[in-house]
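Good morning, and thank you for coming.

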Amino acid sequence: MYRRNGGQPIRDAIKRAGLSIPRLAARTKEIDPDDRGLSQALVGFYVSDGASGRESVSTRTAELMAAGLDSPIEELFGDQPDPPSIQVS
């Protein structure tokens, strides 16, 4: 799976939910049947719009993030990477 639009939908969902990266990471642990959840660092990689941002995401990670944000997974992640945007100079 891949994050949509460089992670913007994830950032928007975090803001709507009134969460921070640490709180979202904690929520993923609360809802994970294995009680592992996601680390703050991993959540940060998918939230980041900078050089550390990661595009590809495991299905488990996408499911936990979407559940933690109470958002449809399709809103945050897709099966294909987004096409590159064209920059006009």
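Which residues of helix H4 (residues 59-69) are buried? They are Thr 61, Ala 62, Leu 64, Met 65, Ala 66, Gly 68 and Leu 69. Buried here means under 20% relative accessible area, with exposed over 50% and partly exposed in between, for a 1.4 Å probe and protein chains only. Helices (H or I, at least four residues) and strands (E, at least two) are DSSP runs, numbered from the N terminus.

Two remarks on the source. This is a predicted model, in which local features need pLDDT of at least 70 and side-chain atom pairs count only at pLDDT 80 or more, while totals for chains, interfaces and linings use all residues. Residues are numbered from 1 along each chain as its sequence is written, and side-chain values use heavy atoms, with hydrogens and water left out.

Let us return to H4. The cover over its buried residues includes helices H1 (8-17), H2 (21-31), H3 (40-47) and H5 (73-76), together with strand S2 (77-78). After H4 comes Asp 70, with a positive phi near 55 degrees.

The next topic is the largest nonpolar core, where a core is a set of buried Ala, Val, Leu, Ile, Met, Phe, Trp, Tyr and Cys residues joined through side-chain atoms within 4.5 Å. It has 19 residues, of which Ile 10, Met 65 and Leu 69 touch the most other members. H1, H2, H3 and H4 each give two or more residues to this core, and H4 gives the most, with five. Leaving aside residues up to four places away in sequence, Leu 69 touches Ile 10, Ala 13, Ile 14, Leu 19, Leu 24 and Leu 76; contact means heavy atoms within 4.5 Å.

In the loop between H4 and H5 lies Ser 71. Ser 71 counts as buried because its relative accessibility is 12%. With residues up to four places away in sequence again not counted, Ser 71 touches Ala 13, Arg 16, Ala 66 and Leu 76.

Finally, I turn to Arg 3, in strand S1 (residues 2-3). Is this residue buried or exposed? Arg 3 is buried, at a relative accessible area of 3%. Its side chain reaches the backbone oxygen of Arg 54 at 3.0 Å. The side chain of Arg 3 also makes a polar contact with that of Glu 55, at 2.9 Å. A polar contact is a pair of N or O atoms within 3.5 Å; within protein, one must be able to donate a hydrogen and the other to accept it, and residues adjacent in sequence count only if both atoms are side-chain atoms.
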